[in-house]
Amino acid sequence: MTPITPEDVLVVVDVQYDFLPGGNLAVSGGDEIVPLINALAKKFKNVVFTQDWHPADHISFASNHPGKAPFETVDLDYGTQVLWPDHCVWATRGAELSSDLDIPHAQLVIRKGYNRAIDSYSGFQEADRETLTGLAGYLNERDVGRLFIVGLATDFCVAWTALDGAAGGFDVTVIEDATRAIDANGSLEKAWADLAEAGVERIMSREILG
Ligand code: VGL
Ligand code: ZN
């Protein structure tokens, strides 16, 4: 892989307490990637965070669909929605970025999923495939290089962010060992297949850290 340049961007997806062990939607091993992300971030001048940020009555919460349990699905206007345990409710501790992240030079936090009726796994656009977060505008205006994606969870917010980045014309790479997956009903295998199909590259952190 060509070395990281000052134009390249590290996108750190949803490293929030609710996705870490002890959180409401804990991703197994999620805490293991934090030191790796800190080390990677030292190689990047540009770092962007995403932050899952839901109102308490969010449509993606099983608790807002009587008779439904987490990990079941419902059909919404924009397609099939997986239902989740309540997570990343705005202004709760579960929604906070981990304080073990040591990336003081990060420049932007993109919040997503704040519209009650639309989920948003992707840092670029909401699940209606219409409502943009502004991330592509920010990146394009700053004329950045490649996007390197890390964080949680591989098969949801990392994958969707990477896919939308590629669809938006960015050169996108997922750093596999700096992600961890939820892996519900084959979602991880499907995510890697979709990413490969979209031309998203897949590397290990040692290719950057040496
Ligand atoms: C995520 C499920 C629901 C994620 C966010 O960050 O991957 N997954 N909300
Ligand atoms: Zn969410």
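Q: Which residue with a positive phi follows helix 3?
A: This model is predicted: local features need pLDDT of at least 70, side-chain atom pairs count only at pLDDT 80 or more, and totals for chains, interfaces and linings use all residues. Residues are numbered from 1 along each chain as its sequence is written, while chains are lettered from A and ligands numbered from 1 in the order in which they are written. Helices (DSSP runs of H or I, at least four residues) and strands (runs of E, at least two) are numbered from the N terminus. After helix 3, with a positive phi near 95 degrees, comes Gly 169.

Q: How many residues of helix 3 are buried?
A: A residue is buried if 20 or more other C-beta atoms, placed from the backbone, lie within 10 Å of its own. The buried ones include Phe 156, Trp 160 and Leu 163. Helix 3 is largely enclosed by the rest of the structure, because the buried residues number 12 of the 14.

Q: Which helix is among the elements that cover the buried residues of helix 3?
A: The cover includes strand 1, strand 2, strand 6 and strand 7. It also includes helix 4.

Q: Which residues have the most contacts inside the largest nonpolar core?
A: Two residues are in contact if their C-beta atoms lie within 7 Å. Not counting residues up to four places away in sequence, Ile 149 touches Val 11, Val 13, Val 158, Thr 161, Ala 162, Val 172 and Val 174. The residues with the most contacts inside the core are Ile 149 and Val 150.

Q: How many residues around ligand 1 are charged?
A: A residue is near the ligand if its C-beta atom lies within 6 Å of it. The shell includes Asp 14, Asp 52, Phe 156 and Cys 157. It has 7 nonpolar residues and no polar ones; the charged ones number 2.

Q: What percentage of the chain counts as buried?
A: The chain has 5 helices and 8 strands. Its C-alpha trace spans about 50 × 30 × 30 Å along the principal axes. Of the 210 residues, the buried part is 42%.

Key:
Ala, Val, Leu, Ile, Met, Phe, Trp, Tyr, Cys and Pro count as nonpolar, Asp, Glu, Lys and Arg as charged, and the others, Gly among them, as polar. A nonpolar core is a set of buried Ala, Val, Leu, Ile, Met, Phe, Trp, Tyr and Cys residues joined through C-beta atoms within 7 Å.
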